[in-house]
Amino acid sequence: MKKFSISIVLFVLITLQGTVLFGQRVYEVDSSLTFINASSFAAIPGPGDTVRILAPRSKQLKVSGISGDTTKPVVFINSGGQVFISSTTLGALDFVDCKYIKVTGSGDSSFRYGFKLLGEESGLSFSGLSSDCEAEYIEIVGGDDTFFGLYAKKDYHGSPPEPYPQFNNLIVHDLYIHGVSAGMYIGETTSPGMEFRHVRIYNNIVTDTNRESIQIANCVEDVELFNNLMISAGIQNLESQGNALQIGGNSVARVYSNIIVNCPAFGIIVLGIGDIEIFNNYCANSLGIFIDDRYWAQENRPINLHNNYFIDSRGSVIVKNMNQYNDMYLMYNKFNTDIPFFVNEGERPSTLVVKNNSLDSICKLDYTIEDGVFLMDSVGMTCYPGIGPVYSGIHTSERIVISEDQLTDLVEGGSILSPKYLVDEQDLNPTLDQHPLSSPWIPETNLDNLPYSLEIDLGASYYLESIFFHDIEFTGDIAVSILNDGEWEDIFTDSCKNFNAWNYHPLKVFARSIRLTMYSSVKARINEIALYGYLTEGGDVSHVYFSDFGIDSEDRGDCSFYPNPASSYVTVLCSDNHNVIEISNLAGRVLIRTNNYNNNNNKKKKINVSFLSNGLYLIHSIGIDG
């Protein structure tokens, strides 16, 4: 990646030092401070700014009232080594009434976990009316009195103001929490309360907790917990506190590809409102799963347990149900203990489907945790690909600098104004409203030979997070496509209706080649592109697996796919015509989407998967009737 020299401007602050580095403001927190808020700064940190927390530091830090925006969070990052905060009062690192922030321990490549936090009340917290917060690469270790590893909530004791306060977009990943009382405590257990929406908890290791590994409540919309490792929860065996994962009251959730090992009570306890799916989890040495309604269950919101593995369950039944309200489906689960799989106590749900659950010999995985990194043995990797924390290094989205020689002008005879003007000012930062001055790309002045296209070859496969177009005037559509299996697939269209402004578009796709096309107008005027993402690591494609979760051909609409594992391509074959095939990761993010198979046969499609990283993926086939 190219480097650019930009002058440094110094702000003189009372409590903090701030500079502008590569076009962004960077602040450094004095190690003597224990509290900062907006009034602590001569220039308040805002969208896109970075706050460095310096090593060595041992004092508690409380941050209040700092906000970024939806596309540009304020980033809090360790600097100069690992920051080890050891506090005997309250929390080690506490964010109060903060919004659009990211806390990352990725500031020094020598440390996987750039923050190490020990506090009396908690290690890390997002409290008050905080929202839109992300935490990554942080170790939280318990002392004698540490209660929460991480918590995110504001308590209203069942009487929140209306409309209920919202905590949106909580993202917690790649944390290592051990030796605390409660691992993660997200949402107040009393309902109603602050409502959590759009929650992602993944790739975390939580071990040796006195109570639950992870507990959620009042998480009402779009909640996913996946690829976590929960070991030795509830070691004090307190009444009602010996479970590993609790889906609490007033909650929905998708729970998948987690490893849960060793707890005195249930591996998973389900008390939510419904719309709960639990699949592809490994649960060993526990009482299995307990389901209850607990006052908040809602009819017509099902609970679905499928394709889970239960190893050495210690109770009298694998799944115990006391919920009469939610429709319930339990299918294709495997267990190795000769006890009943399912028992219903009390009234039955109106719909209860229990089928194809089998007593079977099941692989037992073995693992180690070295310096907070989960390592599975080869047997486990073969039997359970994609289960447990998935590590592919610390990825930070960065600017992908594009040069003129990466452009191919597909306009017959060449454009009137060259597409090179789209990449001649790549040092400008769109998040700081730095505006290019060059001419726009103009392929033609008439519509005679539409469409007009430009191809960008990045030279390798990238995970593309976002793209910015600098829009200068006029109105015209530019469609953006990626190359997939030799076919161009449109992913969005920019209407180019702004003047002298950067148009932001999230991408979140894997691609090497991008195409810009004017299909219906030549009035679009953009004069610079800013692309962000990171280079994918590739790997042995023989370890790209696809899962149908054991669903038989009748249930999946008579579709099949091969080979599995894939080498370079996977072929999807259906007995009836289908319209769309999607391949997604276990987070539900669609990585490949093919439209209309091909013109003559909508039953078969060959899809290039060679650029996917090692792991487990899902295939979705959508019929022509939707």
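Predicted model: local features only at pLDDT ≥ 70, side-chain atom pairs only at ≥ 80, totals over all residues.

## A strand and its two partners

Let us begin with strand S39, which covers residues 398-400 and pairs with S45 in the antiparallel sense over three bridges. Strands here are DSSP runs of E with at least two residues, numbered from the N terminus, and two strands pair if DSSP finds at least two bridges between them. Within this pairing, glutamate 398 faces glycine 533 of S45.

S45 also runs antiparallel to strand S41 (residues 452-471), and eight bridges join them. Here isoleucine 467 is opposite leucine 531 of S45. How many of the 10 residues of strand S45 are buried? Nine of them are, so this strand, residues 526-535, is largely enclosed by the rest of the structure. Buried means under 20% relative accessible area, exposed means over 50%, and partly exposed lies in between, with a 1.4 Å probe and protein chains only.

Residues are numbered from 1 along each chain as its sequence is written, and side-chain values use heavy atoms, leaving out hydrogens and water.

The average pLDDT of the chain is 84, and 84% of the residues score at least 70; pLDDT is the predictor's confidence in each residue, from 0 to 100. Over residues 537-543 the pLDDT stays under 50, and the model gives this stretch 13 contacts beyond four places in sequence. A contact means heavy atoms within 4.5 Å. Residues 548-556 also have a pLDDT below 50, with 16 contacts in the model beyond near neighbours in sequence.

## An open parallel sheet

Next comes a sheet to trace by eye. Its 12 strands form an open sheet with parallel pairing, in the order S4-S6-S9-S12-S14-S16-S19-S22-S25-S28-S31-S34. At the edges stand strand S4 (35-36) and strand S34 (342-344), each with a single partner strand, so one side of each has no neighbour in the sheet.

Phenylalanine 342 belongs to strand S34 and is buried, at 17% relative accessible area.

Which residue of S14 is the bridge partner of serine 127? That partner is lysine 153, which is buried with a relative accessible area of 12%.

The side chain of lysine 153 meets that of aspartate 155 in a salt bridge (2.8 Å, N to O), and aspartate 155 is partly exposed at 36% relative accessibility. Lysine 153 also lies over the face of tyrosine 151, 5.7 Å from the ring centre. A charge sits over a ring if NZ of Lys or CZ of Arg is within 6 Å of the ring centre and within 35 degrees of the ring normal.

## Charged partners

Side chains of opposite charge can pair when their charged atoms come close. The structure holds 15 salt bridges, each a side-chain nitrogen of Lys or Arg within 4 Å of a carboxyl oxygen of Asp or Glu. In one of them, glutamate 277 meets arginine 254 (3.4 Å, N to O). Glutamate 277 lies in strand S26 (residues 276-279) and arginine 254 in strand S23 (residues 253-256), so the pair ties together parts 23 residues apart in sequence. Both belong to a network of salt bridges that links Arg200, Asp222, Glu224, Arg254 and Glu277.

## Aromatic rings

The model has 20 aromatic pairs. The ring centres of tyrosine 367 and phenylalanine 374 are 6.0 Å apart and their planes lie at 45 degrees, so this pair is tilted. Rings of Phe, Tyr and Trp (its six-membered ring) pair if their centres lie within 6.5 Å; planes under 30 degrees apart count as stacked, over 60 as edge-to-face and the rest as tilted.

Tyrosine 367 is partly exposed at 21% relative accessible area, whereas phenylalanine 374 is buried at 5%. One aromatic cluster is made up of Phe147, Phe148, Tyr151 and Tyr185.

Conventions. Helix = DSSP H or I, 4+ residues; strand = E, 2+ residues; numbered from the N terminus.
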